[in-house]
Amino acid sequence: MSWIPAPVSRFFHRTSSPPYFYALADRFIPWLTVIFLVLLGAGLYGGLYLAPTDYQQGDSYRIIYIHVPAAWMSLFIYVLMAVMGGIALIWRMKLAEVMLISSAPIGAGFTFVALVTGSLWGKPMWGTWWVWDARLTSELILLFLYMGVISLYGAIEEKRAAARAVSILALVGVVNIPIIHYSVQWWNTLHQGPTVSKMDKPSIHVSMLVPLLLMAVAFKFYYLIAVLQAAKLELLKRETSSQWVKALLEKQA
Amino acid sequence: MKPIRKQRLFLIILMLAGLGLAATFALKAFNENLMYFFSTSDVAAGKAPTNAVFRLGGMVVKGSVERPNADLLVRFKLSDFEKEVTVEYSGILPDLFREGQGIVAKGALDSRGVFVAEEVLAKHDENYMPPEVAGSLKKPAAQP
C-alpha cells in the first residue's frame, strides 16, 4: 500500500486490532458523551427557545430540529455501512464487519424517528399522515434495508460468513441513497425540496439554521457513542475465547 | 495493494456500477409512475387521464378562492404559472392552504373540465423564516 502514508496505515492497523480498539473506545466514550450533551443542550435551547416562529407554520416547524438531523443520519450511517462493507470484503478486516453490524440498529432507529416525526408533522401541515411519494417511499425502503441487514446477520450462524453476506447487502442498498436525496428534485413529490444543501444560500433564516446544524452535529456524536458501545459488545461476543477478553475479565474481577 | 485485494475492489466497483446502471434504467422506465402529481399544464395539454382519479398539483391563484354556497364547497384556480385549472372541493382544508401556496389535490375531471377534488393536501415549500423577515421580503414585491 504505497499510496497511503506509513503513519496513517500504521494507525489503521493498530486501531483495527480488537483489544486496542476496545481500550480506545473506552477512553473516548466519556469525552464524546460530554460533547454530545453540550451540543444537544445548545441545539435544543436554540431550536426550541431562541429560534423565532416560522412565518407560515408557526411553532410546528420546530420538529425539523429532530426530523432533519435524524433523516440526515439515516443516510449518513447507511453510506458508512456500505464503506465498512467494502473494507470488510476487500481487506477481510474484522473490525469493519463489527462496525458495520453495530451501525445497523442505530441507523434503523434514526430512519424510524425521521419517518415518525415526518408523519406527525405531515398530518397538520399537509393534511395526511402518509403519502406514497418518491421521498417518503424511498426512505421507507431504507428502513427495510436496515432491517434486512439486521435480520440477515442474525439468520446466519457463522458470523464471518454472515458479515460477508451483510457487506454485500449494504453495498447493494447504497443505490437507494442518491435516490432518496434527489427524489425531491427528480420527481414531483409532496415532500418539499432541499433547504440546507442547496448550492446557493440555504432558504432558511440563519437564526433557525444554527440550532439545526448544532443538532446535526450532536446526532453525529450520539451515533459515535452508540456505535462504539455496540461495537464493544459485538467484539466481546465474537472473541469470547480469545486471550485479551480473558485478560480483561480477570482484570475486572 | 495485493493482487487479490485489487481484484475484490474491482469486483465491488463493477457491482456498484452495474447496480447504478440498472437502477437508472428502472427509474427511467417508471418515471411517469413516480411522479406524485400532474401539473396544470399537463391537464391543459390533455396528458392527464380524463375519466380516472389522479393528483393535480399547483399554486392556488391569488384572489381565486371563493365559497359559492354556505356549505363547505370551495372553488379555486390552480396554476403552474402557465395554465390554470379550476378545482372544486368540499371538505376541511389543511392548515397551510392559502392563496399563493402550493397544494396537491386528488380527484378527477368532470364534463365541465373542472377538477373535482376528494382530497386536498398542502405542499410546503422549503423556505423557513421568521414573520418579520417574511414581511420585509413582501414589501418591495408589492410596489413594482
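1. Helices and strands are named here as DSSP runs, numbered from the N terminus. The model under discussion is a predicted one. In those terms, B:H124 sits in the loop of chain B that lies between β6 (115-123) and α4 (131-142). The loop between β6 and α4 of chain B also holds B:Y128. According to UniProt, in an unreviewed entry, B:H124 and B:Y128 carry the feature "binding site".

2. Are these two positions buried or exposed? A residue is classed as buried once 20 or more other C-beta atoms lie within 10 Å of its own. B:H124 has 23 C-beta neighbours inside 10 Å and therefore counts as buried. B:Y128 has 27 such neighbours inside 10 Å, so B:Y128 counts as buried too.

3. The surroundings of the annotated residues involve chain A. When neighbours within four places in sequence are set aside, B:H124 is in contact with A:M125 and A:Q192, and with B:L96.

4. The contact between the chains draws on 33 residues of chain B and 34 residues of chain A. On the side of chain B that touches chain A, the elements giving two or more residues are α1 (3-29), β6 and α4 of chain B. The largest share of that side comes from α1(B), which supplies 9 residues. Sorted by class, the side of chain B that touches chain A consists of 23 nonpolar, 4 polar and 6 charged residues.

5. Chain A is made up of 9 helices and 0 strands. Read from the N terminus, its elements run α-α-α-α-α-α-α-α-α. The C-alpha trace of chain A spans about 60 × 40 × 35 Å along its principal axes. Of the 253 residues in chain A, 37% count as buried. Among contacts in chain A with a separation of 6 or more, 76% come from residues 24 or more positions apart.

6. An unreviewed UniProt entry gives residues 34-191 of chain A the annotation "domain: Cytochrome c assembly protein". In the model, the span 34-191 of chain A is 79% helix and 0% strand, and its end C-alpha atoms lie 35 Å apart.

7. Which residues touch the most other members of the largest nonpolar core? They are A:M81, A:M99, A:L100 and A:A170, in a core of 61 residues. The elements that give two or more residues to this core are α2 (18-50), α3 (64-91), α4 (94-125), α5 (134-155), α6 (159-173), α7 (176-186) and α8 (206-238) of chain A. With 17 residues, α3(A) gives the most to this core. Leaving aside neighbours within four places in sequence, A:A170 is in contact with A:M81, A:A82, A:G85, A:L100 and A:V149. Another core, of 31 residues, lies apart from this one; A:V131, B:L34, B:F97 and B:A122 are among its members.

8. Chain B contains paired strands, and β2 (residues 54-60) has several partners. Strand β1 (residues 38-39) of chain B pairs with β2(B) in the parallel sense over 2 bridges. Within that pairing, B:F38 has B:L56 in β2(B) as its bridge partner. The pairing of β2(B) with strand β5 (residues 102-109) of chain B is antiparallel and involves 6 bridges. There, B:G58 stands opposite B:I103 in β5(B). Strand β3 (residues 73-79) of chain B runs antiparallel to β2(B) and is joined to it by 2 bridges. For B:M59, the bridge partner in β3(B) is B:S79.

9. Why is β2(B) described as largely enclosed by the rest of the structure? The description holds because 5 of the 7 residues in strand β2 of chain B are buried.

10. Chain B is divided into domain 1 (3-32) and domain 2 (35-123). Taken over C-alpha atoms, the centres of domain 1 and domain 2 of chain B are separated by 41 Å.

Methods: Residues are numbered from 1 along each chain as its sequence is written. Chains are lettered from A and ligands numbered from 1 in the order in which they are written. This is a predicted model: local features need pLDDT of at least 70, side-chain atom pairs count only at pLDDT 80 or more; totals for chains, interfaces and linings use all residues. UniProt positions are given in the numbering used here, feature names are shortened, and annotations may be inferred rather than shown by experiment. Helices (H or I, at least four residues) and strands (E, at least two) are DSSP runs, numbered from the N terminus. A residue is buried if 20 or more other C-beta atoms lie within 10 Å of its own, exposed if 12 or fewer, and partly exposed in between; C-beta atoms are placed from the backbone. Two residues are in contact if their C-beta atoms, placed from the backbone, lie within 7 Å. Ala, Val, Leu, Ile, Met, Phe, Trp, Tyr, Cys and Pro count as nonpolar, Asp, Glu, Lys and Arg as charged, and the others, Gly among them, as polar. A nonpolar core is a set of buried Ala, Val, Leu, Ile, Met, Phe, Trp, Tyr and Cys residues joined through C-beta atoms within 7 Å. Two strands pair if DSSP finds at least two bridges between them. Domain bounds come from an automatic or database domain assignment.
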